[in-house]
Amino acid sequence: MKITFDWLKDHLKTNLKEKNLLEQLTNIGLEVESVESLSGDNELFKVAEIIKTEKHPNADRLKVCDVNIGKKEIKKVVCGAENAKEGLLTIYAPPGAIIPKTKTKLVVAKIRGVTSYGMLCSESELNLSDESDGITELTKEFRKNIGKSYFSKSKSNLIDLSITPNRPDCLGVRGIARDLAASGFGKLVDLGEKKIYSKNRHTLKIKINKERVQGCTAFGSCLITNVKNSESPKWLKDKLISIGQKPISAIVDITNYVMLDINRPLHAYDADKIEKGIIVRNSKSGEEFTALDNKNYKLESGMCVISDNKGVLGLGGIIGGTRSGTEFDTKNILLESAYFEPGSIRNTAKKLNLDTDAKFRFERGIDPLSIEDGLNKAAKLIKEICGGEISKIDIQKIETYKTKKIKFDPNIFEKITGFKISLKEMIKILENLGFEVKKDKKRLELIVPSWRPDISQEVDIVEELVRISGYEKIKYIEPIKQRKKSTLNKYQKLFHFLQRSVASKGYLEAITWSFTDKRYNDYFRDTKKEIKIINPISSELGVLRNSIFSNLILYINKNLDRGFKDLSIFEIGPIFNGSNPGEQNTVICGLSAGKKSRLSWIEKDRNVDVFDVKRDVVQTLVEAGYNSENFFIDNETPNYYHPGKSGRLFLNNKKNKIAAYFGEIHPNILKQIDIKTESLVGFEIFMENLELPKKTLKDLKEKFSFSDYQKSERDFAFIINKEVKAQDLIDTISNVDESLIKNIKVFDVYEGDNIPENQKSIAISVTIQSSEKTLNENDLEKINNLIIKTVEDKTGAKIRS
Amino acid sequence: MSDLKKIKDEFLSKLSGKLDISEINQIKSDLFGKSGLISTQFKKIGTIAESERKKFAFDLNIIKDELQDLINSKTNELKSAEINEKLEKEKIDITLPERSFVRGKIHPVSQTIDEISSIFSEIGFSVEEGPDVENEYNNFTALNTPENHPARDMHDTFYLDEKKQNLLRTHTSPVQIRTMIKNKPPFKIIAPGRTYRSDSDQTHAPMFHQVEGLHIDKDINMGHLKGCLNYFIKEFFEVDKIKMRFRPSHFPFTEPSAEVDIGYEMKDGKIIIGEGNKWLEILGCGMVHPNVLKNVKVDPSKFQGYAFGIGIDRLAMLKYGINDLRAFFDCDYRWLNHFGFDPLDVPTNYRGLSR
């Protein structure tokens with residue numbers, strides 16, 4: 001909502017300065033977004049006429065325009081706007097002017113070899129509107145202003161307020177003035193608006209159809225006959241320009257002015273173009289009309305339309321149609337002032353994807369009792385400026401406004417805000433805001449003003465009172481440092497632990513979108529269901545991620561493109577399995593590319609490999625408190641891993657929940673993504689599948705016991721079928737005698753010369769120690785033989801001699 | 001001259017010269033070997049007359065010790081010279097680089113979440129979470145934002161189905177609903193997490209982070225809200241004083257509602273929090289709307305309290321001088337390295353938020 005202090009002064013008597021105003025507005029909840037100067041330099045912007053255009057010799061899209069800037073001065077201006085054509089009246093900015101939107105200062109510049117003296121401005125560049133397509137087009141009435149400044153010399157700044165959606169009343173200058181007055185910033189001016197007194201009949205029949213759901217509950221109107229529509233008088237034009245609106249014609253300007261002044265949207269029809277009468281009804285499916293934005297709209301059934309016998313004239317409270325629009329030659333006007341239900345307005349506007357000033361206001365709730373005031377104010381102005389005769393006002397209603405009453409217990413105020421104000425003060429504030437207040441024993445009986453749809457219960461009254469008294473009166477109550485419940489639960493603690501544990505292994509933590517590119521997602525989707533976003537911001541972010549890999553691989557690639565070669569990144573966050581709440585899992589996903597020890601003078605470099613990520617996964621889980629002796633690992637992994645160089649990890653051999661995957665990313669994916677690195681390995685740890693530690697840290701510390709008896713190491717080399725897993729061998733050995741076998745290490749794996757085909761040699765070192773005695777040669781020999789025999793029997797291995 | 005004196009003089013002179021280890025060993029064996037000169041003298045002790053025996057033995061021992069010490073020190077000298085010589089050859093260029101190491105980092109948003117949790121932990125809040133995908137009811141309706149409420153326009157929502165039943169949560173406030181439905185009052189929670197809105201430009205990302213706060217009890221009023229946030233902001237920015245401004249605003253789920261600004265100034269292109277005359281909006285808050293409490297079956301005549309929502313990314317930007325929101329999610333290795341935190345820098349109550 002844009003206002004100026006000058007305009008506010010139409011409604012507010014105050015001696016205070018603009019600086020105080022800005023502070024006060026913010027203090028009462030009408031946040032000042034920005035303050036812009038429309039004076040000073042803006043006088044440089046002149047009304048001008050294009051008298052000739054030529055194609056730019058060096059650029060297809062540019063034109064060289066001869067521009068008449070008044071006083072017989074012609075300037076050459078290079079312009080890229082499509083609508084720049086001979087005869088167009090527009091706004092010219094000379095070198096030295098500062099463009100309001102970009103705050104850049106214009107200079108004489110060569111554009112593709114042609115010197116341009118200044119610029120022709122679009123409405124958006126002048127902050128007049130969001131219209132940035134082409135340069136401003138002024139009506140022919142501006143012809144006599146060529147050479148004159150477009151902006152008036154108003155010294156009042158343009159104040160842009162951010163009005164919260166609960167305050168439609170403050171979408172009019174008067175509403176803002178009322179709030180300011182209630183807060184002690186001046187006095188609300190009584191406008192003393194007189195009612196129209198007319199003997200002229202309203203000759204157009206108006207009817208609100210009975211519908212199951214009727215979006216229009218009241219339709220007020222009057223006819224104004226024999227008007228002469230014209231350009232608005234200077235005061236009105238200046239007023240609109242001062243808040244960045246573009247004057248169009250007196251009738252349109254007046255309806256806009258009344259809307260901005262008292263938040264009462266109106267609509268003016270060319271009465272001669274209405275066939276017989278007005279019918280307010282629901283649209284039929286497929287009905288069409290051309291709206292004032294020159295677009296054709298095809299309606300669904302059930303939209304609230306204003307129609308005549310011929311068809312739709314406009315969408316009530318949203319936008320009028322071209323068929324009945326007023327023009328400069330309009331003679332007779334039907335002026336509409338109606339009430340439309342916010343819900344109905346919203347539904348229709350949403351379905352048609354339409355946003356207008358009227359819609360914005362009606363969907364927030366217009367004062368239902370402002371119908372007559374609006375007609376009075378606008379009709380009188382039209383008569384004043386355009387002449388004509390005003391008819392009697394006609395108001396059709398299908399519902400009567402019921403006043404809202406609230407019983408307010410003044411004690412609630414302190415209970416909620418923590419501070420006190422006197423009853424007298426409360427009454428004063430509420431009355432100034434437009435409430436009718438009656439004292440009823442210990443309570444206040446309040447009648448809510450009709451322009452406040454947001455107020456319906458006691459707590460709303462508290463807000464009004466504290467807002468106007470000032471939030472600075474609320475005391476600071478120091479919080480008590482006391483904890484009754486632990487801050488994090490076990491799962492959250494594990495989350496933080498794993499996050500920092502993975503980071504400590506050299507991975508940089510990334511946070512990427514929860515959505516991703518469908519193409520990338522498909523690489524890592526495995527058997528999961530694709531979850532589409534209905535309205536993504538771009539097609540590259542069109543699905544929820546089924547795996548974190550899709551994003552990480554994309555960003556690894558970007559970083560490789562930046563020239564990095566050896567990268568490790570990880571993310572901990574959600575992946576999605578379905579589109580319902582809760583169908584998501586938390587995953588820690590890491591990705592490592594390139595080499596270890598690249599360009600090292602001391603170490604030989606090597607590619608990162610599956611055993612690097614295996615270590616990261618195992619170490620992380622061990623650090624988190626899981627016993628690696630129980631881990632069970634096999635090679636069943638999703639199709640995005642290298643089928644031969646990847647693994648699946650369970651916390652124990654019950655194998656019910658997959659704790660992690662790790663391995664090389666499938667070479668096909670690397671090829672398709674065109675990722676250039678020596679090696680790419682990754683892992684995924686599934687948080688929900690990790691059993692939460694039941695024990696506390698102190699319980700985890702079992703009784704400390706160790707053996708002082710001598711330990712012995714024995715090495716074995718087995719020739720074994722290639723398919724047999726090292727883990728099976730280790731398990732077999734450890735099961736031989738768990739009390740004596742303390743440690744088992746694989747220290748060599750060999751295939752090739754001297755080893756039969758399809759076989760491999762595995763060398764294992766076994767640490768044997770008793771907790772009861774020092775083992776003698778005999779004991780050791782016994783366990784040795786038992787190990788060999790068991791391994792040979794159970795796995796088909798042969799000891800190498 | 002006695003034999004002893006002769007031996008002594010002869011060998012002292014031999015040992016004073018430059019000798020290698022084999023020459024020393026030779027001297028050692030000449031003196032102390034089985035038939036060495038000193039050994040021989042010792043054997044003689046028995047044959048010497050009783051009267052002179054004591055003196056002879058005494059002198060012999062002195063000479064023995066003297067020569068032995070000299071031999072030992074000569075040997076040590078040589079050994080250490082030998083080691084020194086070896087060390088001289090082993091000298092390396094210590095300025096060559098160490099073996100390579102890699103350093104991981106924690107993302108500034110994660111670090112900030114931990115900082116926030118640590119601060120609120122101290123005043124008794126616990127951490128709750130909720131899913132990223134929410135239903136329309138929890139995200140809007142239960143929060144007193146029914147369909148067709150214009151406030152829904154302020155949330156550009158990503159939807160997952162045509163009926164708009166499932167969506168990506170637009171704020172962390174649905175965690176309030178989930179928490180209150182699941183448990184009984186009092187409630188004192190924070191809920192950090194990912195939130196989503198379908199706008200994207202220089203200052204908006206389609207995904208960002210919020211932390212929700214909720215404190216409901218019998219007599220929690222706006223003063224508690226103000227005190228809590230004042231405490232939080234001071235602790236978070238690690239400053240003693242903070243300039244804070246509460247101003248009225250509107251959120252459908254709180255009444256009265258406020259937005260909170262903090263004072264700042266720019267010094268050498270950096271934001272200094274807590275000083276200066278400029279205001280920066282950092283959060284929205286208010287007293288939980290009675291309609292919300294009713295929706296979660298909490299009696300608003302018995303329980304009341306406050307809620308707040310803070311943009312985490314924005315807090316991190318302010319505290320750590322990060323200019324571009326979108327860089328948080330861009331995964332640029334250089335950026336992550338620069339703004340990331342060492343995983344050992346865990347914010348805790350006792351050691352504080354930072355070093």
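Q: In which sense do strands E40 and E42 of chain A pair, and over how many bridges?
A: In this predicted model, strand E40 (residues 712-721) of chain A pairs with strand E42 (residues 759-768) of chain A in the antiparallel sense, over 10 bridges.

Q: Which residue of E42(A) stands opposite A:Arg714?
A: A:Arg714 has A:Val766 opposite in E42(A).

Q: And how many bridges join E40(A) to strand E43 of chain A?
A: E40(A) and strand E43 (residues 798-799) of chain A are joined by 2 bridges, again in the antiparallel sense.

Q: Moving on to domains, how is chain A divided?
A: The division gives domain 1 (2-38 + 157-188), domain 2 (40-145), domain 3 (205-397), domain 4 (408-473), domain 5 (490-689) and domain 6 (707-799).

Q: How many Å apart are the C-alpha centres of domain 2 and domain 4 of chain A?
A: Those C-alpha centres, of domain 2 of chain A and domain 4 of chain A, lie 54 Å apart.

Q: What about chain B, and what are its domains?
A: Chain B is split into domain 1 (3-90) and domain 2 (108-339). Taken over C-alpha atoms, the centres of domain 1 of chain B and domain 2 of chain B are separated by 89 Å.

Q: How many residues does each chain bring to the contact between A and B?
A: Chain B contributes 68 residues and chain A contributes 83 residues.

Q: Which elements of chain B give two or more residues to the side that touches chain A?
A: They are helix H5 (108-122), strand E1 (126-127), strand E2 (133-135), helix H8 (222-237), strand E6 (244-251), strand E7 (254-267) and helix H11 (333-339) of chain B. H8(B) gives the most to that side, with 8 residues.

Q: Is the crossing of H4(A) and H5(A) left-handed or right-handed?
A: H4(A) and H5(A) cross in a left-handed manner.

Q: Which residues meet there?
A: From H4(A), A:Leu236, A:Lys239 and A:Leu240 meet A:Asp253, A:Asn256 and A:Tyr257 of H5(A). By class, the contact of H4(A) with H5(A) holds 3 nonpolar, 1 polar and 2 charged residues.

Q: Now the sheets. What is the strand order in the open sheet of 5 strands in chain A?
A: The order is E6-E5-E4-E7-E10 (chain A), with antiparallel pairing. Strand E6 (74-79) and strand E10 (119-120) of chain A are the edge strands, each pairing on one side only.

Q: How many bridges join E4 and E7 of chain A?
A: Strand E4 (residues 46-55) and strand E7 (residues 89-93) of chain A run antiparallel and are joined by 4 bridges. A:Val47 has A:Ile91 in E7(A) as its bridge partner.

Q: What is the order in the open sheet of 3 strands?
A: That open sheet is ordered E25-E27-E26 (chain A), with antiparallel pairing. Its edge strands are E25 (404-408) and E26 (436-440) of chain A, and the twist averages 20° from one strand to the next.

Q: Over how many bridges do E26(A) and E27 of chain A pair?
A: E26(A) pairs with strand E27 (residues 443-448) of chain A over 5 bridges in the antiparallel sense. A:Asp440 stands opposite A:Arg443 in E27(A).

Notes: Residues are numbered from 1 along each chain as its sequence is written. Chains are lettered from A and ligands numbered from 1 in the order in which they are written. This is a predicted model: local features need pLDDT of at least 70, side-chain atom pairs count only at pLDDT 80 or more; totals for chains, interfaces and linings use all residues. Two strands pair if DSSP finds at least two bridges between them. Axes are lines fitted to C-alpha atoms, for helices over the stretch in contact, and angles run from 0 to 180 degrees between N-to-C directions. A crossing is left-handed if the near helix is turned anticlockwise from the far one by less than a right angle, and right-handed if clockwise. Two residues are in contact if their C-beta atoms, placed from the backbone, lie within 7 Å. Ala, Val, Leu, Ile, Met, Phe, Trp, Tyr, Cys and Pro count as nonpolar, Asp, Glu, Lys and Arg as charged, and the others, Gly among them, as polar. Domain bounds come from an automatic or database domain assignment.
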